Amino acid sequence: MNVVFLGPPGAGKGTQAETLSKQRGMEHISTGEVLRGAVDAGTPVGLRARKYMEKGALVPDEVVVDIVAERIGKNGRCKNFLLDGFPRNLNQAKALDKTLSGLKDRLDVVFYFAVSEETAVSRLTGRWICSGCGSNYHQHYMPPRKPGVCDKCGKALQQRPDDKVETVKERLKVYRKQTADLIDYYEKQGLLMKINADRDVKEVYEEVTKALDSLNRER
Ligand code: ADP
Ligand code: AMP
């Protein structure tokens, strides 16, 4: 299955993608994670991306399109992928179509994680990430056992610089202006499946897996 998770920042895409990709043996491709890795490593891509990410703006299309094409096309083709945070505008969506058709492949489904802006803001501003293993927590909804410390590896938790409230507002604005158009784009292609992501993690997961199972049966 080739799957896209679409939705505003804070909708819970990464949280669901992490579990689903492990359980179903899918390649989880988070462009945000790849870019943060590049920024931390100080690579040319990271140096270029950093100033956009700090502001909450989108990194130029050619940078992310190349990252995704490389990951999808690695060793001929990666069979089951789960794209999280890509595409984020029409140009990226068309580039993805082109990459896939070059590989004689296509998308199977686009899950649209629908949440209110209020929920997205409260999820993002309360998100804490482990500085060691990258595990994801929320100060209220998914708190660690010991405040500020990762349950899994014991390292310190930290807030993403772009999860500060001002940058969160900018990211949601960018989503409304540039990304939300993709709902219509994929709806017209009959690929869109809307998920009510304003519920707890387990309920969202069940809805996504049920939908995937029924798509698998139809194939
Ligand atoms: P996205 O990848 O869409 O930006 P994340 O998966 O990183 O969002 O989730 C944002 C924050 O919200 C994280 O702190 C995560 O722990 C928390 N979270 C994710 N899904 C839910 C949910 N269904 N209910 C409550 N909190 C959630
Ligand atoms: P995310 O982890 O998905 O919230 O992304 C964090 C930041 O990385 C975004 O605010 C953008 O600056 C950048 N980014 C991630 N994915 C993309 C993308 N597909 N296109 C452009 N910029 C991206």
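A residue counts as near a molecule or strand if one of its heavy atoms lies within 4 Å of it. Keep that in mind for the two ligands.

Before those, the ground rules. This is a predicted model: local features need pLDDT of at least 70, side-chain atom pairs count only at pLDDT 80 or more, and totals for chains, interfaces and linings use all residues. Residues are numbered from 1 along each chain as its sequence is written, chains are lettered from A and ligands numbered from 1 in the order in which they are written, and side-chain values use heavy atoms, with hydrogens and water left out.

Start with ligand 1. It is surrounded by 18 residues, and the closest are G14, T15, R127, M142 and R199. Now the polar contacts, meaning pairs of N or O atoms within 3.5 Å; within protein, one atom must be able to donate a hydrogen and the other to accept it, and residues adjacent in sequence count only if both atoms are side-chain atoms. R123 puts a polar side-chain atom 3.3 Å from a nitrogen atom of ligand 1. N136 has a polar side-chain atom 3.0 Å from an oxygen atom of ligand 1. V201 uses its backbone: an N or O atom there lies 3.3 Å from a nitrogen atom of ligand 1.

Next, ligand 2. Which of the 16 residues around ligand 2 come nearest? They are T31, R36, A57, G85 and Q92. The side chain of Q92 has an N or O atom 2.9 Å from a nitrogen atom of ligand 2.

On to helix packing. Two packed helices are described by the angle between their axes and the distance between the axes. Axes here are lines fitted to C-alpha atoms, for helices over the stretch in contact, and angles run from 0 to 180 degrees between N-to-C directions. Helices (H or I, at least four residues) and strands (E, at least two) are DSSP runs, numbered from the N terminus. Under 35 degrees counts as roughly parallel, over 145 as roughly antiparallel, 65 to 115 as roughly perpendicular, and the rest as oblique.

First pair: α2, residues 31–41, and α3, residues 44–55. Their axes come within 8 Å and cross at roughly 115°. The two helices are therefore roughly perpendicular to each other. The crossing is left-handed, meaning that the near helix is turned anticlockwise from the far one by less than a right angle; clockwise would be right-handed. In contact, which means heavy atoms within 4.5 Å, G32, L35, R36, A38 and V39 of α2 meet V45, G46, A49, R50 and M53 of α3. That contact has six nonpolar, two polar and two charged residues. For these classes, Ala, Val, Leu, Ile, Met, Phe, Trp, Tyr, Cys and Pro are nonpolar, Asp, Glu, Lys and Arg are charged, and the others, Gly among them, are polar.

The crossing is right-handed. Q92, from the ligand 2 list, is among the α5 residues that meet α4.

The axes come within 10 Å and cross at roughly 135°. That makes α6 oblique to α7.

Last, two backbone details. The peptide bond from F86 to P87 is cis, with omega near 0°. P87 is in the loop between β3 and α5. K104 is not a glycine, yet has a positive phi of about 55°. K104 is in the loop between α5 and β4.
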